[in-house]
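Work through the exercises below with the sequence and the 3D structure at hand. Each task is followed by a solution in steps.

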Amino acid sequence: MALCLAPALLLLLGSPSSAGPNRCVDAAEACTADARCQQLRNQYVAQCLGRAALGGCPRTRCRRALRRFFARGPPALTHALLFCPCANPACAERRRQTFVPACAFSGPGGEPPSCLEPLDACEQSRICRPRFLAFQASCTPAPSAPDGCLRDQAPHCLRAYAGLVGTHGREPGAGGALPGMPPPAGADYPALGPAGTALTPNYVDNASARVAPWCGCGASGNRREECEAFRGLFTRNLCLDGAIQAFESSGPPVLQDQLDIHQDPENSLLQVSSAEELLEESCLLSMLPVLALQLLF
């Protein structure tokens with residue numbers, strides 16, 4: 001089933017026939033041409049999208065697969081997927097949907113929680129806390145610097161930001177309950193459900209490159225200032241904004257290298273032959289949410 005999920009992200013990001021150049025499509029094709037990137041991407045698509053098409057959303061497994069994708073995949077390719085530039089709302093919406101936010105990003109219910117929930121949960125998570133501290137240290141704004149970052153920190157800022165994708169508090173094995181099991185007796189924290197509280201950031205709309213975690217500060221009470229400061233690390237961060245803009249304008253040459261390999265006729269024939277042998281009926285089901293999204297454009 002993993003191989004049949006490979007076209008899913010291409011459907012989300014667009015198609016080669018789209019008018020004009022599309023770096024998001026180039027990034028998806030380059031990832032497909034790299035064996036490791038494709039394998040890791042297929043794993044998170046299978047968890048976040050394939051299973052969701054069958055009526056469920058295993059958020060814990062989905063987010064874990066996302067963490068593996070950004071931790072173990074080639075940074076030039078994973079970052080190209082995450083930070084590809086868009087010139088129109090349709091592309092921006094597909095970019096926002098890159099890692100299936102319905103499963104990985106937002107939580108149950110229509111209203112986002114207070115940002116204090118993921119912040120407090122992250123403080124007690126062995127997985128989330130060091131990643132968040134790395135993000136704070138690597139993305140410290142420097143208003144006097146041309147790129148808004150401390151010296152040579154922009155690449156580290158992007159890597160630290162990508163490290164937050166898929167993070168959430170009370171991970172299984174971090175003092176919380178295992179999926180489907182009640183919290184341990186005597187636990188001094190509230191049950192947060194099998195997926196915990198997400199710190200995963202994403203693009204907040206399809207009209208800009210603004211990013212934020214899925215939360216707000218409307219109900220933060222006397223901790224409003226702390227809440228706004230946390231959210232501002234994403235929404236008002238000169239270093240993060242500058243690092244994303246610099247990456248967008250650079251265009252990693254590795255993308256073209258991968259595309260050249262992918263477009264080799266002999267390589268293409270081998271890929272088609274392999275795909276035909278392993279195609280399953282479940283492929284169509286796994287791609288239904290993506291096809292539904294395409295109808296929006």
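Predicted model: local features only at pLDDT ≥ 70, side-chain atom pairs only at ≥ 80, totals over all residues.

Residues are numbered from 1 along each chain as its sequence is written, and side-chain values use heavy atoms, with hydrogens and water left out.

**Exercise 1. Describe the chain as a whole.**

Step 1. Helices (H or I, at least four residues) and strands (E, at least two) are DSSP runs, numbered from the N terminus. The chain has 15 helices and two strands.

Step 2. Buried means under 20% relative accessible area, exposed over 50% and partly exposed in between, with a 1.4 Å probe and protein chains only. Of the 297 residues in the chain, 48% are buried.

Step 3. Contact means heavy atoms within 4.5 Å. Taking contacts between residues at least 6 apart in sequence, 74% join residues at least 24 apart.

**Exercise 2. Determine how helix H10 is placed against helix H12, and which residues meet.**

Step 1. Axes are lines fitted to C-alpha atoms, for helices over the stretch in contact, and angles run from 0 to 180 degrees between N-to-C directions. The axes of H10 (residues 154–164) and H12 (residues 238–250) come within 9 Å and cross at roughly 100°.

Step 2. Angles under 35 degrees count as roughly parallel, over 145 as roughly antiparallel, 65 to 115 as roughly perpendicular and the rest as oblique. H10 is therefore roughly perpendicular to H12.

Step 3. From H10, Ala154, Cys157, Leu158 and Tyr161 meet Cys239, Leu240, Ala243, Ile244 and Phe247 of H12.

Step 4. Ala, Val, Leu, Ile, Met, Phe, Trp, Tyr, Cys and Pro count as nonpolar, Asp, Glu, Lys and Arg as charged, and the others, Gly among them, as polar. The contact of H10 with H12 has nine nonpolar, no polar and no charged residues.

**Exercise 3. Classify the ring pair of Tyr44 and Phe69.**

Step 1. Rings of Phe, Tyr and Trp (its six-membered ring) pair if their centres lie within 6.5 Å; planes under 30 degrees apart count as stacked, over 60 as edge-to-face and the rest as tilted. The count comes to eight aromatic pairs.

Step 2. The ring centres of Tyr44 and Phe69 are 5.2 Å apart and the planes stand at 65°, so the pair is edge-to-face.

Step 3. Tyr44 lies in helix H3 (residues 35–53) and Phe69 in helix H4 (residues 59–72), so the pair ties together parts that are 25 residues apart in sequence.

Step 4. Tyr44 is buried, with a relative accessible area of 1%, and Phe69 is buried at 1% relative accessibility.

**Exercise 4. Locate Phe135 and list its contacts.**

Step 1. Phe135 is in helix H9 (residues 128–138) and is buried, with a relative accessible area of 1%.

Step 2. Leaving aside neighbours within four places in sequence, Phe135 is in contact with Ala160, Tyr161, Leu164, Leu233, Phe234, Asn237 and Leu240.

Step 3. Phe135 and Leu233 are 98 residues apart along the chain, and their C-alpha atoms are separated by 9.1 Å.

Step 4. Phe135 also belongs to one aromatic cluster with Phe83, Phe132, Tyr161, Phe230, Phe234 and Phe247.
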